[in-house]
Amino acid sequence: MNIIDRLYEKIEKNGFVCIGLDTSIDYIPENMKKDKTISQMIFDFNKEIIDNTYDVCAIYKLQIAYYESYGIEGMIAYKNTLKHLKDKNLLSIGDVKRSDIAASAKQYAKAHFSGDFEADFITLNPYMGMDSIKPYEEYLETGEKGVFVLLRTSNEGAKDFEILDVNGEEFFYKVGDKLKELNEKYIKDSKYGPIGLVVGATHSDEVKNIRERYNNMFFLIPGFGAQKADSLNVYNLLNNLNAGVVNSSRAIIKNYQNFEDGAQKVGFYARKKAIETREEIEKNEKL
């Protein structure tokens, strides 16, 4: 089974929540830090989350900046977390947002689709052009790997480039159309292809059009939880509660901090929040 079909089936079974393992040491309770190296602290915290949530989410996303910031120790934790996910037959996104061309991009693809830092999906930044995507195609062709490419983001600076007028349309649609064309090259027996889009859920006037225009593409939808993306917008970016994963990081992994016994039940409260996240978005079906 190819990677996008695996993700689709996982969502059908477990729901669309993507748990972001954006783990900073100051998120970890003191009782999980004692007599441990940095890599052990981070990995043990991540493992606690994973082992308590694997049946209530579709996939896990590791934002690499959190791991790079701790140097070698952080990257050991990154490696070990990805290995733990793979050993449990769980899906992963390496949120690396790479952007380069030619030989450099080819090495990035090798680094994150094989070896110590291998993930099932990675994130890419397309703004150097389509030749910054091409080096990843040899992995996409196998059916075993996928990418989520930045399209319409929710940060304040998105207006600087993404919505510039280009022949009567916002620039991000031009980017999306190029990626859609490439994605269709890889759609065979599946409804969806291995090239997905990162789409923020904060632009109410755009979400339905984006979903309809890129109907054969999976979405990675960030910002739900701590960044306060609107649940109806998120719902409208999904397709029958599938065809997308909704990322929540801090709201889930730090949920234990809202409870007196949280430090002893980190995974329990992460699971609780993951379920609540799914339920909050699913309520929109009844509207």
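At what angle do the axes of helix 2 (residues 38–53) and helix 11 (residues 266–282) cross, and within what distance do they come?

## Helix 2 and helix 11

The axes of these two helices cross at roughly 50° and come within 8 Å. Axes here are lines fitted to C-alpha atoms, for helices over the stretch in contact, with angles running from 0 to 180 degrees between N-to-C directions. Helices (H or I, at least four residues) and strands (E, at least two) are DSSP runs, numbered from the N terminus. Helix 2 and helix 11 are therefore oblique to each other; angles under 35 degrees count as roughly parallel, over 145 as roughly antiparallel, 65 to 115 as roughly perpendicular and the rest as oblique. The crossing of helix 2 with helix 11 is right-handed, that is, the near helix is turned clockwise from the far one by less than a right angle.

On the helix 2 side, Phe45, Glu48, Ile49, Asn52 and Thr53 meet Val266, Gly267, Phe268, Ala270 and Arg271 of helix 11 (contact: heavy atoms within 4.5 Å). Of the residues in this contact, five are nonpolar, three polar and two charged. In this division Ala, Val, Leu, Ile, Met, Phe, Trp, Tyr, Cys and Pro are nonpolar, Asp, Glu, Lys and Arg are charged, and the others, Gly among them, are polar.

## Basis of the model

The model is predicted, with local features needing pLDDT of at least 70 and side-chain atom pairs counting only at pLDDT 80 or more, while totals for chains, interfaces and linings use all residues. Residues are numbered from 1 along each chain as its sequence is written, and side-chain values use heavy atoms, leaving out hydrogens and water.

## A buried loop residue

Asn242 sits in the loop between helix 9 (231–237) and strand 10 (244–248). Asn242 has a relative accessible area of 0% and is buried (buried is under 20%, exposed over 50%, partly exposed in between, with a 1.4 Å probe and protein chains only). Its side chain reaches the backbone oxygen of Tyr8 at 3.2 Å. Leaving aside residues up to four places away in sequence, Asn242 touches Tyr8, Ile11, Glu12 and Phe218.

## Exposed loop residues

Asp35, in the loop between strand 1 (17–20) and helix 2, has a phi near 60°, a positive value in a residue other than glycine. Asp35 is exposed, at 75% relative accessible area. Asn167, in the loop between strand 6 (165–166) and strand 7 (169–170), also has a positive phi, near 55°. Asn167 is exposed, at 74%.

Gly115 lies between helix 5 (102–113) and strand 4 (121–124), in a loop, and is exposed at 55%. The C-alpha atoms of Gly115 and Lys79 are 9.3 Å apart, with 36 residues separating the two along the chain.

Conventions
A polar contact is a pair of N or O atoms within 3.5 Å; within protein, one must be able to donate a hydrogen and the other to accept it, and residues adjacent in sequence count only if both atoms are side-chain atoms.
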